[in-house]
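Please walk me through this structure in plain terms. I would like to follow it step by step.

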Amino acid sequence: MDITELREHLCGQYPDLCPLFSIEFGDGVLLVTSDRLHAAARDLKDLGFDRLGMVTAVDFGEEFELVYRLQSREMRAGIFVKTRVPRDEPRIDSVNDLWAAANWQEREVYDMFGIVFDGHPDLRRILLTDDWVGYPLRKDYENPTIIRRPDYL
Amino acid sequence: MIEPQDTPTDQAAPALPDLDCAPDVVMPEVIYEGDNTIVNIGPSHPSTHGVCRVIVELDGEIVRHAEPVIGHLHRGIEKMAENRTYLQVVPLTDRLDYVGSMYANWAYCRAVERLAGIRVPERAEYIRVIVCELQRIASHMMAIGPAGADTGATSAFMYTFWQRELVVDLFESLCGARLTYNYVRPGGVSFDLPDGWIEKCREFVAQHPAAMLEIDRFLFGNVIFRARTKGIGVLDADDAVSWGASGPVARGSGVDWDLRRDDPYSVYPRFDFSIPVGDNGDVYDRTRVRLWEAIESCRIIGQALDGLAEFEPGTIKADGMPRLLAPRPGDAYDHIESARGSLGVYLVSDGSVRPYRMKVRSPAFCNLALLPLVSEGYTLSDLVVILGSLDPVFGEVDR
């Protein structure tokens with residue numbers, strides 16, 4: 001299955017999302033709602049995306065965007081799965097049961113953004129200490145040791 | 001007569017500032033029941049290959065569980081990048097993988113180039129391939145030598161460090177730095193090759209495979225080293241894929257996956273090289289894959305030096321590069337095969353001169369997550385060997 005066949009398959013599976021599926025530089029981007037993320041991830045895994053390359057999040061103010069990058073060795077393709085969770089209740093289903101790689105990566109997202117992964121077996125802070133206050137990669141994070149570089153440009 | 005000093009004993013002690021460090025997470029209450037011993041190694045035990053702490057549960061000498069505790073070298077590079085312009089981030093990427101700085105430079109620059117739509121001159125691409133393959137050799141020397149030292153064969157350390165020294169000398173004459181190069185920049189590289197550099201590089205490439213074969217004979221053929229590494233820390237291919245392992249850790253387990261061939265970038269499709277793959281997934285195979293990769297890198301460098309002659313000297317920077325990059329709003333991801341595996345950089349731009357978000361997909365982080373899995377059931381002395389074979393660089397793990 002190559003990337004164009006994959007696109008047709010995904011359009012059949014997710015007709016409302018089809019306009020959102022784009023191929024950029026050989027990478028597909030699939031936008032799903034947060035409640036369908038786990039089902040979409042499972043579906044993509046069954047299609048041959050056997051590697052979870054990256055899990056990360058981006059702070060967009062009212063919402064966090066979660067970005068998953070999956071890779072298929074067989075298709076030699078990569079795909080992004082993106083979803084958004086509200087800032088006041090950041091929860092999402094963990095994909096740790098599909099790819100063990102999600103274990104540490106989701107812990108890191110929890111550590112940096114405070115997004116809770118339901119079903120994660122060991123959701124603790126990973127890079128920061130357990131008593132750290134706040135989530136540093138949120139845009140509203142404040143710490144007196146952070147000094148803004150002057151705008152001398 | 002000396003007057004007694006005023007001692008402020010009657011004054012009230014100044015109130016301590018409110019540190020506001022109430023934990024916002026509830027620590028799980030661990031009540032340990034059993035006969036096993038908990039041993040804490042680190043955070044900077046000399047044989048832990050960096051500032052890592054490992055909590056080991058031991059049954060006699062057998063490791064029942066080993067949990068890496070990371071973050072001691074966390075500098076918040078992803079947060080710092082949000083506060084700098086695109087060009088100012090490049091020196092930060094040097095500090096990620098300080099054994100292989102060129103890779104992080106290159107991965108970051110590729111993401112910026114993809115975001116801003118910059119076309120890199122071919123001569124610069126060839127130079128990038130040459131320096132990154134040299135960097136792969138230098139970085140693998142830092143994995144093979146300590147693998148010998150971990151098992152007691154310290155002479156291998158000297159031999160591999162001599163080879164690394166030659167590469168570092170080449171880099172020093174190229175860009176003036178020996179560890180953090182800041183050499184690959186968005187749109188090209190910072191300096192063209194100096195006079196006589198190509199000849200020096202050819203000399204290095206000519207002698208390197210013989211030196212590697214010598215190490216192959218006296219280290220990998222050594223009966224003690226084989227006894228200490230064969231069948232130790234076995235990782236099977238399915239686990240390697242599921243845990244997102246990449247680079248020599250995955251290839252040592254027989255996962256034939258290398259981005260240089262399977263998701264070709266830059267000018268790699270023009271070169272003829274093979275990807276060494278192990279089959280047992282033990283420490284021996286992981287380390288030996290690195291050795292053969294270093295020899296393959298020499299082949300790539302030789303071909304790239306030949307190809308370099310086609311291009312006019314001096315064309316190393318993209319035309320029309322603005323002094324201040326302000327890419328389109330959007331995101332971009334690019335990855336390269338570093339010495340440790342697939343190193344990716346994900347950039348989000350809001351159209352301003354600073355990255356809105358930078359994420360480094362670090363191969364060492366994903367590989368280190370395997371430690372509890374691969375060390376279970378082996379002895380405590382094997383644990384250090386296994387940790388070394390995963391080749392974590394904590395600048396990249398902790399970021």
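The model is a predicted one. Strands of a sheet pair through backbone hydrogen bonds, and the pairing is either parallel or antiparallel. In chain B, strand 1 is joined to strand 2 (residues 53–59) by 5 bridges, and these two strands run antiparallel. One position in this pairing can be picked out: B:Asn40 stands opposite B:Ile55, a residue of strand 2 of chain B.

Now consider chain B as a whole. Its secondary structure consists of 15 helices and 8 strands. The radius of gyration of chain B is 24 Å, close to the 21 Å that the globule rule gives for 399 residues, so chain B is as compact as a globular protein of that length. Taken along the principal axes, the box filled by the C-alpha atoms of chain B is roughly 80 × 55 × 55 Å. Of its 399 residues, 50% count as buried. Contacts can also be sorted by separation along the sequence. Among those in chain B between residues at least 6 apart, 70% join residues at least 24 apart.

One helix of chain B illustrates burial. Helix 14 (residues 380–390) is mostly covered, with 9 of its 11 residues buried. The buried residues of this helix are B:Asp382, B:Leu383, B:Val384, B:Val385, B:Ile386, B:Leu387, B:Gly388, B:Ser389 and B:Leu390. After helix 14 of chain B comes B:Asp391, which has a positive phi near 50 degrees.

B:Asn182 is in the loop between helix 5 (154–175) and strand 4 (184–185) of chain B. The phi of B:Asn182 is near 55 degrees, a positive value in a residue other than glycine. B:Asn182 has 17 C-beta neighbours inside 10 Å and therefore counts as partly exposed. Another loop, between helix 10 (259–262) and helix 11 (283–308) of chain B, holds B:Ser266. B:Ser266 is not a glycine, yet its phi is positive, at about 55 degrees. With 18 C-beta neighbours inside 10 Å, B:Ser266 counts as partly exposed.

Chain A can be approached through its strands. Strand 3 and strand 4 of chain A pair in the antiparallel sense over 9 bridges. Within strand 4 of chain A, A:Leu66 is the residue that stands opposite A:Ala57. The hairpin of strand 3 and strand 4 of chain A has 2 residues between the strands, and A:Gly61 in this hairpin takes a positive phi near 80 degrees. Strand 4 of chain A is also joined to strand 5 (residues 77–86) of chain A, through 10 bridges, and the two run antiparallel. Here A:Val67 has A:Lys82 in strand 5 of chain A as its bridge partner. Strand 4 and strand 5 of chain A form a hairpin with 4 residues between them, and A:Arg76 in the turn has a positive phi of about 55 degrees. Strand 4 of chain A is mostly covered, as 7 of its 10 residues are buried.

Where do the two chains meet? In total, 28 residues of chain A are in contact with 36 residues of chain B. On the side of chain A that touches chain B, the elements that give two or more residues are strand 3 (51–60), strand 4 (63–72) and helix 3 (102–113) of chain A. Strand 3 of chain A gives the largest share of that side, 6 residues. By class, the side of chain A that touches chain B has 15 nonpolar, 3 polar and 10 charged residues.

A:Leu127 lies in the segment after strand 7 (116–118) of chain A. Not counting residues up to four places away in sequence, A:Leu127 touches A:Glu108, A:Asp111, B:Ile70, B:Gly71, B:His74 and B:Asp398. A:Leu127 is buried, with 21 other C-beta atoms within 10 Å. A:Leu127 and A:His9 are 118 residues apart along the chain, and their C-alpha atoms are separated by 39 Å.

Note on methods. Residues numbered from 1 in each chain as written. Chains lettered and ligands numbered in written order. Predicted model: local features only at pLDDT ≥ 70, side-chain atom pairs only at ≥ 80, totals over all residues. Rg over C-alpha atoms; globule rule 2.2 N^0.38 Å. Buried ≥ 20, exposed ≤ 12 C-beta atoms within 10 Å, placed from the backbone. Contact = placed C-beta atoms within 7 Å. Nonpolar A, V, L, I, M, F, W, Y, C, P; charged D, E, K, R; others polar. Pairing = 2+ DSSP bridges.
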